[in-house]
Amino acid sequence: MNIREEAIECDCFYHIFNRGVNGQKVFANNQNFEFFLIKAKLYLLDYFDVYAYCLMNNHFHFLLRAKPLQHHATKKSTKTGLHSDDQIYSKQIGKLISSYTQAFNKVENRHGPLLESPFKRKKIESETYLRNCLIYIHQNPLELGVKLEDYQYSSYRAIAGNKGTAIKKDEVIDYFDTVENFVFCHKKIVELDDF
């Protein structure tokens, strides 16, 4: 099935990821990272629970769970394909990417796509895969030689720390039983081989 036609399902977990066209940088500086996170809150939090994220220079990862949307229970559209009601989740991710790209292009005096299209998604169907995906996402900064606890554009510190966060921190910790085990499990390198 064409990924553009594959709807993101309510109450399901997804690994959402994308990279710059031809592997190019999509975050040129700290302001870019911070602006993208502001846009992610704006476009994603009403539609998804965020369990993890990591932004790298040329790509990003999210672990999301699609929330039930109350207004869709009473309002049914007859539209099909990309414009159908069941594509609302994908549209929100598309809006995030489009909004960020437009701002980045304006500041960098460039034009055209910044990120590959369509964005990639992997439906998560087991708790083991979910735990491994959480770890995998957080381990991305290791390829830069940066410790997980030192990388500021990842949800790792928010989950392992004591500060408030929009991340579903308590739910993530429940998959590892304790914060200590969450930290311990992140010490073993995890590979996700089905991309």
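1. A residue is called buried here when its relative accessible area is under 20%, exposed when it is over 50% and partly exposed in between, with a 1.4 Å probe and protein chains only. By that scale Asp-177 is exposed, with a relative accessible area of 65%, and 44% of the 195 residues of the chain count as buried.

2. The model is predicted, so that local features need pLDDT of at least 70 and side-chain atom pairs count only at pLDDT 80 or more, while totals for chains, interfaces and linings use all residues. Residues are numbered from 1 along each chain as its sequence is written, and side-chain values use heavy atoms, with hydrogens and water left out.

3. The chain has seven helices and four strands, which follow one another from the N terminus as β-α-β-β-α-α-β-α-α-α-α. Helices (H or I, at least four residues) and strands (E, at least two) are DSSP runs, numbered from the N terminus. Contact means heavy atoms within 4.5 Å; among contacts between residues at least 6 apart in sequence, 70% join residues at least 24 apart.

4. Helix α1 (residues 30-44) and helix α3 (residues 88-108) have axes that come within 9 Å and cross at roughly 150 degrees, the axes being lines fitted to C-alpha atoms, for helices over the stretch in contact, with angles from 0 to 180 degrees between N-to-C directions. Angles under 35 degrees count as roughly parallel, over 145 as roughly antiparallel, 65 to 115 as roughly perpendicular and the rest as oblique, and α1 and α3 are therefore roughly antiparallel to each other. The residues that meet include Phe-35, Phe-36 and Tyr-43 in α1, and Leu-96, Tyr-100 and Phe-104 in α3. The residues of this contact of α1 with α3 divide into 10 nonpolar, three polar and two charged, where Ala, Val, Leu, Ile, Met, Phe, Trp, Tyr, Cys and Pro count as nonpolar, Asp, Glu, Lys and Arg as charged, and the others, Gly among them, as polar.

5. Asn-105 is also found in helix α3, and at 10% relative accessibility Asn-105 counts as buried. Leaving aside residues up to four places away in sequence, Asn-105 touches Arg-110, His-111 and Gly-112.

6. In helix α6 (residues 169-176) the buried residues are Lys-169, Val-172, Ile-173 and Phe-176. They cover an arc of only 95 degrees around the axis, which puts them on the same side of α6; the arc is that of the directions from the helix axis to the C-beta atoms. The exposed residues Asp-170 and Asp-174 lie on the face of α6 turned away from its buried side. The cover over the buried residues of α6 includes β2 (48-56), α4 (127-138), α5 (156-160) and α7 (179-185).

7. The axes of α4 and α6 come within 10 Å and cross at roughly 115 degrees. Glu-127, Leu-130, Arg-131, Leu-134 and Ile-135 in α4 meet Val-172, Tyr-175 and Phe-176 in α6, and by class this contact of α4 with α6 has six nonpolar, no polar and two charged residues.

8. Some backbone geometry deserves a look. Most residues other than glycine have a negative phi, and most peptide bonds are trans. Asp-177, in the loop between α6 and α7, has a positive phi near 75 degrees. Asp-11, in the segment before β1 (13-19), has a positive phi of about 70 degrees and counts as partly exposed at 39% relative accessibility. A cis peptide bond, with omega about 0 degrees, joins Ser-117 and Pro-118, and Pro-118 is placed in the loop between α3 and β4 (120-124).
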